[in-house]
Amino acid sequence: MSPDDILRIDGLTKIFFGFRALDGLSLHVSRGEILGLVGPNGSGKTTCINVVSGLYAPEDGSIRFDGAEVAGLAQHKLVHRGINRTFQVPKPFMQLSARENVEVAIAYGGARQGEVDAAALLGSLNLDAVANRPAAELNSAQQKMLDLARALATKPKLLLVDELAAGLNPAELDWVAAKLKEFARSGMSIIVVEHLMGFIEQVTDRVVVMNAGKEIFGGTLGEAVQDKQVVEVFLGGGHAH
Amino acid sequence: MPRYAKHILFIVAPLVAAFAILPFAYNNQLLLFNFVLFLTLAQGVNVIYGFTGYLPFGYVGFFGAGAYGFSLLILHLHAPPLAAMGGAAVAALAIALLLTPLLRLSGAYFSIANLAAALALMQFISNPNLEAITRGPYGVSMTGVFNPRLAYTMALIVMAGAMLVAVWLRNSRFGLALQAVREDPVSAAQAGVDVPRARAYAWLISAVIAGLAGGVFAWYVTVFYPENVFSSDYSIFAVVFALFGGVSTILGPIVGVLILYGVYNFIGFSTPQYFQLIYGALIMALVLFLPQGLISLVKRRGIDVP
């Protein structure tokens, strides 16, 4: 593992009822890098995030984070080590206010006391006006931002962003892209799973293209679109071999 | 003034004071004792259901365990009642620890398994082969400890303790974490909460509250049978009272007990022939029109209910 890498995944395998959702996946993320994880539906992108964030334990393989093996650790332990995520469909605590949603993560997420200010964090994500409203009353874009706020409240070193851009309008997309770049500049590493290629191009330094649970390409998005195997996977309608 | 201090000063203190004074003004001591008992149990249900979402249909198992924990220490070790109250708490705690794996279940599966566990515990204690230890199906009769006044005072202390637990949960980081777990366990873990541990703590606290209530019941009556202290009525009443008022608040279970148990007794005395009809209709109306309890009427107006 290079000292620049915060995350290195080797031979990661996850099997659901005989289906190999991850089939020996290997990839790495450098400190302060934004990595795009792309691929057709069912290629294993979200499963990768679910396994790295501890939602599922892998059957095989290694996940080294910040110099230590973390494969199979419980979600909250990974949060304390510095890995957090957002969800494809946001999952805020619906009956709690936006402020309480963040306060739980500030209290339990492993950040030092006083390191994260709930009001400032909500303000930075344009949620200050709805801070005291139950999350259930927020619109879907606000719920996505609240999901992000909860993750940021734990001061992650690695942020896993699962389709944050879906459903946002162009202005919101630009704003979110600028935010992610700002986080990366502060040293946070980010993996972005996204179907919107324009957004991927805008925010990522490098992409990993996945198909059938494996990495089939690693490089810039510009290089990826020139790659025959990648093109075949996206346009050919079948799994590349 | 901090919020928790307001809750103690304006909710817990007046309630305890009222039930401390009422025996001097009202003759039906048993009714007052039952009110205190149900206020305690409803708040205990609130801890596990209101703050974590586990509906404990077998909650009476802890009550019964507490009653027997108290009684066995009196019968076999001749312990003083105050020390035997510790036995009540320990017995309920032991049963809760034994049943901790049930927390892996959710929804109706948890409720059914919890109910089955309470029934199994009653059958175990009622076993005639255990007569030498538990008195089996023949029931417990304690001599030398009958002291309704002291038992009532202890019931008040236990109720105050249960209320203070609710105040703590309503105003603490831990209470907020439990509510997060209730709302979405996956997201709660993502906020850094150790979900299984948080649930287990709430479960154990809730069990101890019911165990102490069972202990104080045993002390108050001194003679009882297994089916008295393992009656599913305790579980059902405590759950219905808590739901009627509104869970995950301090006030909800209090309001639920005072109104619903009050109505229960009023109908029971005034028109016993219509008792089950009226009471059943009330509960159906609650489920249909106010699933979040009476408190939700106030919450809907944007008022924060303690």
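## A quick tour of chains A and B

Helix α6 of chain A (residues 170–185) lies across β3 (34–38), β7 and β8 of chain A, and runs at about 150° to β8(A). Helices here are DSSP runs of H or I with at least four residues, strands are runs of E with at least two, and both are numbered from the N terminus. Angles go from 0 to 180 degrees between N-to-C directions, using lines fitted to C-alpha atoms, for helices over the stretch in contact.

Bear in mind that this is a predicted model: local features need pLDDT of at least 70 and side-chain atom pairs count only at pLDDT 80 or more, while totals for chains, interfaces and linings use all residues. Residues are numbered from 1 along each chain as its sequence is written, with chains lettered from A and ligands numbered from 1 in the order in which they are written.

**Chain A overall**

- You'll find nine helices and 10 strands in chain A.
- Its C-alpha atoms fill a box of roughly 50 × 40 × 35 Å along the principal axes.
- Of the 241 residues in chain A, 45% are buried, meaning that 20 or more other C-beta atoms, placed from the backbone, lie within 10 Å of the residue's own.

**The sheet in chain A**

- Six strands make an open sheet in the order β6-β7-β8-β3-β9-β10 (chain A), with mixed pairing; two strands pair if DSSP finds at least two bridges between them.
- The edges belong to β6 (83–85) and β10 (214–219) of chain A, each with a single partner strand, so one side of each has no neighbour in the sheet.
- On average, neighbouring strands of this sheet are turned by 20° against each other, ignoring direction.
- Strands β7 (residues 158–162) and β8 (residues 189–193) of chain A run parallel and are joined by five bridges.
- Within that stretch, A:V161 stands opposite A:V192 in β8(A).
- Helix α9 (residues 228–235) of chain A also packs on the sheet, where it touches β9 (206–211) and β10 of chain A, and its direction makes about 125° with that of β10(A).

**Where chain B meets chain A**

- Contact (C-beta atoms, placed from the backbone, within 7 Å) links 15 residues of chain B with 23 residues of chain A.
- On the chain B side, α8 (173–183) and α9 (185–190) each supply at least two residues.
- The largest share of that side is six residues from α8(B).
- Sorted by class, the side of chain B that touches chain A has seven nonpolar, four polar and four charged residues. Ala, Val, Leu, Ile, Met, Phe, Trp, Tyr, Cys and Pro count as nonpolar, Asp, Glu, Lys and Arg as charged, and the others, Gly among them, as polar.

Key
Buried ≥ 20, exposed ≤ 12 C-beta atoms within 10 Å, placed from the backbone. Contact = placed C-beta atoms within 7 Å.
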